[in-house]
Amino acid sequence: MAEASLGQIFLATVLANNFVLAMFLGLCPFVGVSGKLNTAAPMGAATTFVMLVASLCAYGLNYLVTTFELEFLRLISYIVVIASAVQLVEMVLKKYSPALFRALGIYLPLITTNCAILGVALFQTAREYSFLQALVFAIAAGVGFTLALVLMAGLRERLNLATVPNVVQGAALSLMLAGLLSLVFMGFAGLGSGA
Amino acid sequence: MAIPGQQELTQLENFMEGIWKQNPVFVMLLGLCPALAVTVSAVNALAMGAATTFVLLGSTLLVSLMRNFVPKEVRIATYIVIIATFVTIVDYLIAAISLELYEALGAFIQLIVVNCMILGRAEAHASRNAPIRALTNALGMGLGFTIGLFALGSVREILGSGTLFGVSLFGPDFQPWVVMVLPPGGFFVLGAWLLVFNWWRNRTPAATGTLKPAEGHSHG
């Protein structure tokens, strides 16, 4: 695994192993914030940024806990770092873009409990990525997450205009839609294989 | 979630809340990531449910005991550290009990930390109730979550591999519906379950008073 090239990691993570549609990570914002295109994209960007920070920190932390043989603290230290990173993003957004801050609402602090972020940190540890590989992996995970979110938002904006039976309205329809999207992404299986 | 009249619930209602009215998987749509990712078989689903219930019970107890000492500003951070502690315990426990299971569940054991259901319960219930009450509610929620996972896992295993708990159901001629154990199947099966519940609600309009509509779904 460790010898996979950077391009392979990128392609595989964005498409074939898309975090949302193939690995089921980050479903809460995927279902919650994908209603409108103009909140989906910034949400994706914010998540990507946090992923990048988390990945960098996780690399350093992993080095520390392995050196001092404190592996049982790994998970706890990761989550604390991620929570702080989210706090940082929140403060920056609040200062520079209050409108966006309000639009993202409760989902911004919830990035902390976005499994995609912790997922990046855990997977890069499990796959023993090098520093550069981890960096590419984090960016690719963010891009993949944003891609899924934006695709879903576009589809749901269209769906709002359609008339559907009462029974399928709401979450049921979104999940079926996500299933179809996921089916589409399965077509990428094998791309950048090895990851 | 924090209904003002919550104090008047009896212990039984308090317990049943998570199993039926506020089922984390089907009504609240919380903790979807593990719910969809590991439910390729009934065994995985049950193991994941049990692990989550353990973490939920442990963290609920601690959060409830500490509810008067934790300053409001740092409560979320405190909860997360408590939850992460129990997840670490369960992670090592499962690795010790069954390596096979440990590998099947993979990173999703550690990802219990970020299961929004657990943090949600800590914030909305455990931090406001005495230990016994909070534990009853947590047990109900954990069971409800396990039932939800089992409902997904069993259907996916039956359709996708033609087996249940590894026992073949339809004989050797069965053509498995492979897509059901692949990622899209997770979305489809959960969507189908939600359809069933929607249909149930619409079919019995008089019963809507006892069964809450799925308004919680936007909580993610």
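Biologist: In chain A, where is confidence lowest and where is it highest?

Modeller: This is a predicted model. In chain A, confidence is lowest in helix H5, residues 98-104, with a mean of 77. It is highest in helix H7 of chain A, residues 131-159, at 89.

Biologist: And what is the mean pLDDT of chain A?

Modeller: The mean for chain A is 82. Of its residues, 94% reach 70 or more.

Biologist: Staying in chain A, how do H3 and H4 pack?

Modeller: Helix H3 of chain A covers residues 37-67, and helix H4 of chain A covers residues 74-96. They pack at an angle of about 145°. Their axes are 9 Å apart.

Biologist: Is the crossing of H3(A) and H4(A) right-handed or left-handed?

Modeller: H3(A) crosses H4(A) in a right-handed way.

Biologist: Which residues make that contact?

Modeller: From H3(A), they include A:Ala46, A:Phe49, A:Val50, A:Val53 and A:Cys57. From H4(A), they include A:Arg74, A:Ser77, A:Tyr78, A:Val81 and A:Ile82.

Biologist: How do the residues of the H3(A) and H4(A) contact divide by class?

Modeller: There are 15 nonpolar residues, three polar and one charged.

Biologist: Which helix holds A:Pro42?

Modeller: A:Pro42 lies in H3 of chain A.

Biologist: What does A:Pro42 touch, leaving out residues up to four places away in sequence?

Modeller: A:Pro42 touches A:Leu37 and A:Leu100. The C-alpha atoms of A:Pro42 and A:Phe101 are separated by 9.9 Å. Those two residues are 59 apart along the chain.

Biologist: Why is A:Pro42 called partly exposed?

Modeller: Because its relative accessible area is 21%. Buried would need under 20%, and exposed over 50%.

Biologist: Switching to chain B. At what angle do the axes of H7 and H8 cross?

Modeller: In chain B, the axes of helix H7, residues 131-161, and helix H8, residues 183-203, cross at roughly 120°. They come within 10 Å. That angle makes H7(B) oblique to H8(B). The crossing of H7(B) and H8(B) is right-handed.

Biologist: Which residues meet there, in H7(B) and H8(B)?

Modeller: B:Ala151, B:Leu152, B:Val155 and B:Arg156 come from H7(B). They meet B:Gly185, B:Gly186, B:Val189, B:Leu190 and B:Trp193 of H8(B). By class, this contact of H7(B) with H8(B) has six nonpolar, two polar and one charged residues.

Biologist: Last one. Which residues of H1 in chain B are buried?

Modeller: In helix H1 of chain B, residues 11-19, the buried ones are B:Asn14, B:Phe15, B:Glu17, B:Gly18 and B:Ile19.

Biologist: What covers the buried residues of H1(B)?

Modeller: The cover includes helix H6 (116-124) and H7 of chain B.

Notes: Residues numbered from 1 in each chain as written. Chains lettered and ligands numbered in written order. Predicted model: local features only at pLDDT ≥ 70, side-chain atom pairs only at ≥ 80, totals over all residues. Heavy atoms only, no water. Axes fitted to C-alpha atoms, helices over the stretch in contact; angles between N-to-C directions. Helix = DSSP H or I, 4+ residues; strand = E, 2+ residues; numbered from the N terminus. Parallel < 35°, antiparallel > 145°, perpendicular 65-115°, else oblique. Left-handed = near helix turned anticlockwise from the far one by under 90°. Contact = heavy atoms within 4.5 Å. Nonpolar A, V, L, I, M, F, W, Y, C, P; charged D, E, K, R; others polar. pLDDT = per-residue confidence, 0-100. Buried < 20%, exposed > 50% of the residue type's maximum accessible area, 1.4 Å probe, protein only.
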